[in-house]
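Dear colleague,

My notes on it follow directly after.

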Amino acid sequence: MAELKVLFVTSEVAPLIKTGGLADVSAALPAALRAIGVDVHVLVPGYNPVMAQLAQHEAVATFDDLPGFPSSRLLFGRMAHDIPLLVLDCPSLYQRDGGPYQDVSGHDWADNALRFGLLSKIAAVLGSSASPLAWHPDLVHCNDWQTGLTPAYLHFAQDAVPSIIAIHNLAFQGIFPPATVQQLNLPPSCFSIDGVEYYGSMSFLKAGLFYAGHITTVSPNYAREIQQEELGFGLQGLLTMRRDSLTGMLNGIDTEEWNPATDPHLARQYSGADMTGKAADKQALQNKLGLIPDPEVPLLGVVSRFTHQKGLDLLLEIAPRLTELPAQLAMLGSGDALLQKTARDLAHRYPGKIGAVVGFSEALSHQIEAGADMFVMPSRFEPCGLNQLYSQRYGTPPIVHATGGLLDSVVDCTPATLEDGTASGFTFDGMTAENLFITIQRAIDLYHDKIKWKTLCENCMAKNFSWQSSAEAYRAVYLKVLGRQE
Ligand code: ADP
């Protein structure tokens, strides 16, 4: 059978540019796909950090006359694991200080429709007979709203290949005024309920969900949840209609990047067979965040975007009571200004017991996964979630709200699940501060039973969260969309 060629278009890819889990997936899934023989090329915008890290590269195409768009060009280079990388170079849209989606003060870039319209458009050009490249994909794999117009452009293009769209978070939809349709050179007729229209506006994500050949999302449970009103963000009707073309596959993790036995960020490496180094990592973390270096007091870790979705407001509400149990708290994150302030204030009020670092730090995120005794992730909804996977790999049982991918990846610890070896953390139903508190208390009770706790940590570390089985599942989706048999 001919080799399968896939263009993977994404708005972020680690380590070049990262705001969240999409970047991790965009690095690890292409690598896992290439390992099973899929020829993947990744396409990403040329933001400042991407351009700065792009080592050897060559210009392979220019686009000077796309109606509605500024001139741009494609640079060809390589990312980690030697994966072919196409960087969309358009300085007027991408080379500026700030993040990929927002300026330095946290406001969305005013021209985001144009910025991600261009990304979507170029991906579609590469998937059509108009492509200037010698390499032609069989299929375009889109990710989230920033690439949502690609399936629409492909739909209206000549000799275009099929596409799939992966939902990493349905809460972000790329909604713009109706006039955007014309500005981005889409046919006016597509502004309808059977097209890109979403409650009177235009939605990039809706476009993708409507026109793509298949929809994937990042956990089986989230695939079910988004067909319901509560988590469907107004798209539950379309998603239910397309349920036969909707597949949930749990994300894997990069098991080399996240490996406590080799992790260069840690004070001491350790493994499931010998976890002694973890105590040194706890002490190093306590020292780093100014916490009392007591080996016995349970240390709770958090690494998160500070947003309503992640439920940190509930954790911050009960933080003073947690210190009395006693427990310590080590938090890293950034986002919502009020949550940042509350976290900082708590650290100030409870020195030695609560530590908070506001910002983004790859090294500290690894150190928290390793140094904490348990990891707290009370997300209101969670498409997949990666930190609970990392924490299990680091022998740091997660405490999670029973939703989305958290429910698919964490098995609640009960006498029965501890006995049969499946227990890997603590889950709670009912999104209240009290339920979170009770569950943390339940975890801490077990923590003080050293033998049972060790069993739980070893269970966590024995779980396999590699990408291999999900990569196989993605390939099966590609083949299905292409109508090919294995
Ligand atoms: P989401 O994509 O919704 O933010 P995920 O759990 O899927 O949540 O992925 C979050 C990723 O971003 C993880 O790799 C996590 O370690 C990382 N991350 C989040 N906030 C920070 C931060 N402040 N510093 C370092 N890494 C962070």
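Helices (H or I, at least four residues) and strands (E, at least two) are DSSP runs, numbered from the N terminus. The model is a predicted one, in which local features need pLDDT of at least 70 and side-chain atom pairs count only at pLDDT 80 or more, while totals for chains, interfaces and linings use all residues. Residues are numbered from 1 along each chain as its sequence is written, and side-chain values use heavy atoms, with hydrogens and water left out.

Overall form

The protein contains 20 helices and 18 strands. Its C-alpha trace spans about 65 × 45 × 45 Å along the principal axes. The radius of gyration is 23 Å, in agreement with the value near 23 Å for a compact globule of 486 residues; it is taken over C-alpha atoms, and the globule rule is 2.2 Å times the number of residues to the power 0.38.

Domains and their interface

Two domains are given by the domain assignment: domain 1 (5-252 + 467-482) and domain 2 (277-462). Such bounds come from an automatic or database domain assignment. The C-alpha centres of domain 1 and domain 2 are 32 Å apart. To the contact (heavy atoms within 4.5 Å), domain 1 contributes 20 residues and domain 2 contributes 17 residues.

Between them the two domains bury about 1300 Å², of which 62% is on carbon and sulfur atoms. Buried area here is the accessible area (1.4 Å probe) that two parts lose on being put together, summed over both. Of the area that domain 1 buries against domain 2, 29% comes from K18, N221 and L250, more than from any other three residues.

The interface has 7 residue pairs in polar contact, with both residues at pLDDT 80 or more. A polar contact is a pair of N or O atoms within 3.5 Å; within protein, one must be able to donate a hydrogen and the other to accept it, and residues adjacent in sequence count only if both atoms are side-chain atoms. On the side of domain 1 that touches domain 2, α1 (21-35) and α8 (220-225) each supply at least two residues, and α8 gives the most, with 5 residues. That side of domain 1 divides into 8 nonpolar, 8 polar and 4 charged residues. In this grouping Ala, Val, Leu, Ile, Met, Phe, Trp, Tyr, Cys and Pro count as nonpolar, Asp, Glu, Lys and Arg as charged, and the others, Gly among them, as polar.

Salt bridges

The structure holds 16 salt bridges, each a side-chain nitrogen of Lys or Arg within 4 Å of a carboxyl oxygen of Asp or Glu. Between domain 1 and domain 2 the count is 1. E362 and K18 form a salt bridge, with their closest N and O atoms 3.8 Å apart. This pair links distant parts of the chain, 344 residues apart: E362 is in helix α14 (residues 362-371), and K18 is in the loop between β1 (5-9) and α1.

Backbone details

Most residues other than glycine have a negative phi, and most peptide bonds are trans. The peptide bond from A14 to P15 is cis, with omega near -5°, and P15 lies in the loop between β1 and α1. A cis peptide bond also runs from L325 to P326, with omega near 0°; P326 is in the loop between α12 (312-324) and β14 (328-335). H81, although not a glycine, has a positive phi of about 60°, and its place is the loop between β4 (72-78) and β5 (84-89).

With kind regards
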